[in-house]
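Morning, everyone. I'll keep this short. Please have the sequence and the model open as we go.

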Amino acid sequence: MEEILQHIQEVLNVPEVLINQCTFLPEYIRMSLIASIKFIPWLYFLYYAIELVERFFLKHINIFIRLIQKLGPLFGVAISTIPECGYQVIASTFYSRKMISRGTLLAFFIACSDDALPLLFMDLSKTFAIIPIIIIKIILGIAVAYSVDIIDMMILRKRRIMEDINAINTDLNEPACCHHRIQTIEHPPYWWMHPLTHTFNMFMFTFLSLAVIECAINGFGSAENLASFLMIDTPYQLVVTAIIGLASNCAISVFLAMAYIKGIISFPALLAGLITTTGLGLLTLTKRLDDKKDLSLITFILLTTAILAGLFVYYNIYIFDMIKNYIFG
C-alpha cells in the first residue's frame, strides 16, 4: 500500500518538476500553476460526486419540488451548502414563476458559497474557516428567510405557493455553471463531461486569481503590505467584499477564497463576500424577474445581511480565535 501511495505521489509531483524547469516564467506564475494543478484531482472527484447528487434531484424533480414545498428555507439552506450554483439558478426560476416565497429564495442565496469552500483545502491552516462559515450561513439563511416570509405575510396577507409541480419542467433549459443546461444533466455523458469542464474552469479561475494576487504581493513587497493597503484591519474591507460578492460569476468566490488563503482579506471580509455570492442565481433572477423593485429589495436584503454579519464577526473575532486555538492548540 505504501508503495502504491509513493507511486501516486511521484505522478502528482511530475507537473511541479516540469513547471520548475520553465525558468523563463516568473516565480509567482510557476507557484500559482503548481498549486492549481495539484488540486485538480481532488476537485474532479468532488464535482463528480456533486454531479451525481444534482442528477438525482433533477431526474426526480418532483422530489426536489416537494422538499421545497414541505421544508422551504430549511431545504434551501441544506442543499445550498453543496458547492454548486445550479440550485440557486433553479430557485431563481421558481421564484420568478411565483412558486416559492421570497424567504425561501433568500435561504438558497445566503447559504450558497459557490466554489469557495473546497478551495480552502489548498491551505490546511485555513480550513477551520469552513465550519463557522457554513454554520453562520445556515443560521442566517433560516433566520432571514422566516423573518422575510413573516413580514411578507403580514403586509401582503398571503404567501407565495407552488401552483403546478409539473410546470417547471419547461424551465430546465436554464443555463447553470459552466454554461451547461440544467436539463442535460440527465444524459449520461454529462456525468463526467460537466465535472471535467467544471474542474478545468475552477483550475483556470484558481490559477488566474493566484497569479494576480501573487503579482500584487510582489508589487507591494509582501502580503502584509498588500493586506494593509486593502484595509484588512478595518470594517471597510468587508463592505467592499460584500459588494464584490454580488457579481454573478463563479470566479468571484474563487478569488475571495484565494485572497483569504494568501492573507490579504480577513475572515469577516470572506464571510461577507460569500454571503452575497450566489453563483449565477442573482443573474438568473435579474433576467427572469419582471418586478425590478422586488429584485432591488432582494439584493438590498442580501447585501445588508452580509454587512451586518461581517460586522458582528469583525467585532467579536476573538470568539472564533479562541475556538480555533482550542481545537488546533
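By class, how many nonpolar, polar and charged residues does the lining of the second largest cavity have? Hold that thought for a moment. One caution comes before the answer: this is a predicted model.

Start with the search. Across the whole structure, two cavities of 30 Å³ or more turn up. Now the answer. Four residues in that lining are nonpolar, two are polar and one is charged.

Which helix gives the most to this lining? Helix 9, residues 130–156, does, with three residues.

Next, look at A111 again. Helix 7 covers residues 102–111 and is mostly covered: 10 of its 10 residues are buried. Find them on your screen.

Now its neighbour, helix 6. Helix 6 is residues 86–96. Is helix 6 largely enclosed or left open? It is largely enclosed by the rest of the structure, because 11 of its 11 residues are buried. Among them are G86, Y87, Q88, V89 and I90. Y95 and S96 are buried as well.

How do the two helices sit together? Two packed helices are described by the angle between their axes and the distance between the axes. Here the axes of helix 6 and helix 7 come within 9 Å and cross at roughly 165°. Angles over 145 degrees count as roughly antiparallel, so helix 6 is roughly antiparallel to helix 7. The crossing of helix 6 past helix 7 is left-handed.

Between these helices there is a loop, and K98 sits in it. What is the phi of K98? It is positive, about 60°, although K98 is not a glycine. Why point that out? Because most residues other than glycine have a negative phi.

M231 has a positive phi of about 60° and is not a glycine. Where is M231? In the loop between helix 11, residues 223–229, and helix 12, residues 236–245. M231 has 35% relative accessibility, so it counts as partly exposed.

Stay with helix 11. A223 lies in this helix. Buried or exposed? A223 is buried, because its relative accessible area is 18% and the cut-off for buried is under 20%. Now trace the chain from A223 to K262. They are 39 residues apart along the chain, yet 7.1 Å separates their C-alpha atoms.

Last stop: another helix pair. Helix 14 is residues 267–276, and helix 16 is residues 292–314. They pack at an angle of about 160°, with their axes 8 Å apart. So helix 14 is roughly antiparallel to helix 16. Which hand does this crossing have? Helix 14 passes helix 16 in a right-handed crossing. Helix 6 passes helix 7 in a left-handed one.

That's my tour. Over to you for questions.

Conventions: Residues are numbered from 1 along each chain as its sequence is written. This is a predicted model: local features need pLDDT of at least 70, side-chain atom pairs count only at pLDDT 80 or more; totals for chains, interfaces and linings use all residues. Side-chain values use heavy atoms; hydrogens and water are left out. On a 1 Å grid over the protein atoms alone, a cavity is a set of points where a 1.4 Å probe fits but cannot get out, and a pocket is an open set with protein on both sides within 12 Å along at least five of seven lines; lining residues have an atom within 4 Å of a point. Grid points are joined across faces, edges and corners, and a volume is the space filled by probe spheres set on the points. Helices (H or I, at least four residues) and strands (E, at least two) are DSSP runs, numbered from the N terminus. Ala, Val, Leu, Ile, Met, Phe, Trp, Tyr, Cys and Pro count as nonpolar, Asp, Glu, Lys and Arg as charged, and the others, Gly among them, as polar. Buried means under 20% relative accessible area, exposed over 50%, partly exposed in between (1.4 Å probe, protein chains only). Axes are lines fitted to C-alpha atoms, for helices over the stretch in contact, and angles run from 0 to 180 degrees between N-to-C directions. Angles under 35 degrees count as roughly parallel, over 145 as roughly antiparallel, 65 to 115 as roughly perpendicular and the rest as oblique. A crossing is left-handed if the near helix is turned anticlockwise from the far one by less than a right angle, and right-handed if clockwise.
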